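User: Hi, I'm new to reading structures. Can you walk me through the side-chain contacts in this one?
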Amino acid sequence: GLARPASAAHRGDWPAAPENSLKATRAAADLGCEIAEIDVQRSADGVFFVLHDRSLARTSTRPEIAETLDWKTLSALHLREGDGSGPPTDQTLPSLAQVLATARGRIYLDVDVKDPAHMDQVAALISAEGMADQVNIKIDVQTPADARTLKTLEDDHGVLVMPKTRFREATADALIDLLASCGAPVVEAKFDSLPVIANRREAFAAAGLKLSVYTLNGIACCDLSDDRARENPDAIWGVLLDAGVSVLMTDALVELKAYRAQRPGSV
């Protein structure tokens with residue numbers, strides 16, 4: 001049978017709670033998602049916090065650029081419901097340390113560090129919190145120099161660094177070799193056409209590489225999107241799984257849960 005894909009909750013389970021909040025992290029775990037994706041920035045006084053946009057305007061009650069404020073100010077901000085379109089809630093803007101504590105033993109975290117200059121510090125914090133086995137950070141890898149940066153980060157902190165890579169027909173084989181050489185177990189994959197990855201399913205497997213793919217509306221490759229998956233999951237999620245994808249990063253968490261439950265070979 002076909003192995004069940006891992007479900008990755010984009011910014012946590014934000015349909016159930018404010019995105020990137022502690023409640024959204026808990027809700028993703030409660031729903032049975034294996035992974036919650038979160039976004040990390042740094043306050044003016046050096047505290048790492050979890051927020052996607054540079055501006056606070058969409059998801060909180062203030063208009064400023066988040067990184068210009070100190071942690072005392074940021075930590076008091078109430079987050080708006082869902083994707084920011086709803087009213088303020090009891091959920092306040094969390095620090096990375098708070099999200100790590102909330103996720104501990106419950107759900108894996110896929111951490112998107114918004115400023116590459118902060119990678120070292122974020123990896124060090126994850127390691128210091130004893131969460132290195134339950135968290136990854138990620139960087140773009142297209143060249144041997146990128147692969148060396150990845151390995152240095154991993155070696156320095158013991159935290160998994162997931163490569164983010166775009167696969168094109170002309171360069172895909174060389175990229176698979178490059179990723180295999182740095183020992184990456186999973187790659188966040190973008191692709192110019194589905195056959196670019198589907199036709200290399202055996203090559204990815206031989207390289208020990210699992211694929212993580214976004215099906216988010218607006219950024220999904222080849223329009224393999226959540227909205228289309230809601231209408232016909234076999235045509236989107238099924239097609240990706242058949243192409244060898246192991247992790248689906250989605251906003252349609254409830255629908256993916258139902259699809260996983262009935263997919264052949266699911267566990």
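Predicted model: local features only at pLDDT ≥ 70, side-chain atom pairs only at ≥ 80, totals over all residues.

User: Which parts of the chain does the D242 and R263 pair tie together?

Analyst: D242 lies in helix α10, residues 233-242. R263 lies in the segment after α11, which covers 253-262. The pair therefore ties together parts that are 21 residues apart in sequence.

User: Is R263 buried or exposed?

Analyst: R263 counts as buried, because its relative accessibility is 7% and the cut-off is under 20%. D242 counts as partly exposed, at 46%.

User: Is D30 buried or exposed?

Analyst: D30 is exposed, with a relative accessible area of 56%. R106 counts as partly exposed, at 40% relative accessibility.

User: Give me another bridge. What does D110 pair with?

Analyst: D110 forms a salt bridge with K138. Their closest N and O atoms are 2.9 Å apart. D110 sits in strand β6 and K138 in strand β7 (residues 135-140), so the pair ties together parts 28 residues apart in sequence.

User: Are those two buried or exposed?

Analyst: D110 is buried, and K138 is buried too.

User: New topic: the nonpolar core. Which residues touch the most other members of the largest one?

Analyst: L109, V111, V122, I137 and F167 do. That core has 65 residues. Helix α6 (residues 172-181) gives the most to this core, with five residues.

User: What is L109 in contact with, leaving aside its neighbours within four places in sequence?

Analyst: Its contacts include T25, A36 and I38. V99, L100 and A103 are also among them.

User: What about a second core? Which residues does that include?

Analyst: There is a second, separate core of ten residues. L51, L56, A66 and L69 are among them.

User: Now the rings. How many aromatic pairs does the structure hold?

Analyst: Two. F167 and F204 form an edge-to-face pair, 5.2 Å centre to centre, with 90° between the planes. This pair links distant parts of the chain: F167 is in strand β8 (residues 160-167) and F204 in helix α8 (residues 201-206), 37 residues apart. Both F167 and F204 are buried.

User: And what does the W237 and Y259 pair look like?

Analyst: W237 and Y259 form a tilted pair. Their centres are 6.0 Å apart, with 45° between the planes.

User: Where do W237 and Y259 lie?

Analyst: W237 is in helix α10 and Y259 in helix α11. They are 22 residues apart, and the pair links distant parts of the chain.

User: Last one: why does W237 count as buried?

Analyst: Because its relative accessibility is 0%, and buried means under 20%. Y259 counts as buried as well, at 5%.

Notes
Residues numbered from 1 in each chain as written. Heavy atoms only, no water. Buried < 20%, exposed > 50% of the residue type's maximum accessible area, 1.4 Å probe, protein only. Salt bridge = Lys/Arg side-chain N within 4 Å of Asp/Glu carboxyl O. Helix = DSSP H or I, 4+ residues; strand = E, 2+ residues; numbered from the N terminus. Core = buried A, V, L, I, M, F, W, Y, C linked by side-chain atoms within 4.5 Å. Contact = heavy atoms within 4.5 Å. Phe/Tyr/Trp six-rings, centres within 6.5 Å; stacked < 30°, edge-to-face > 60°.
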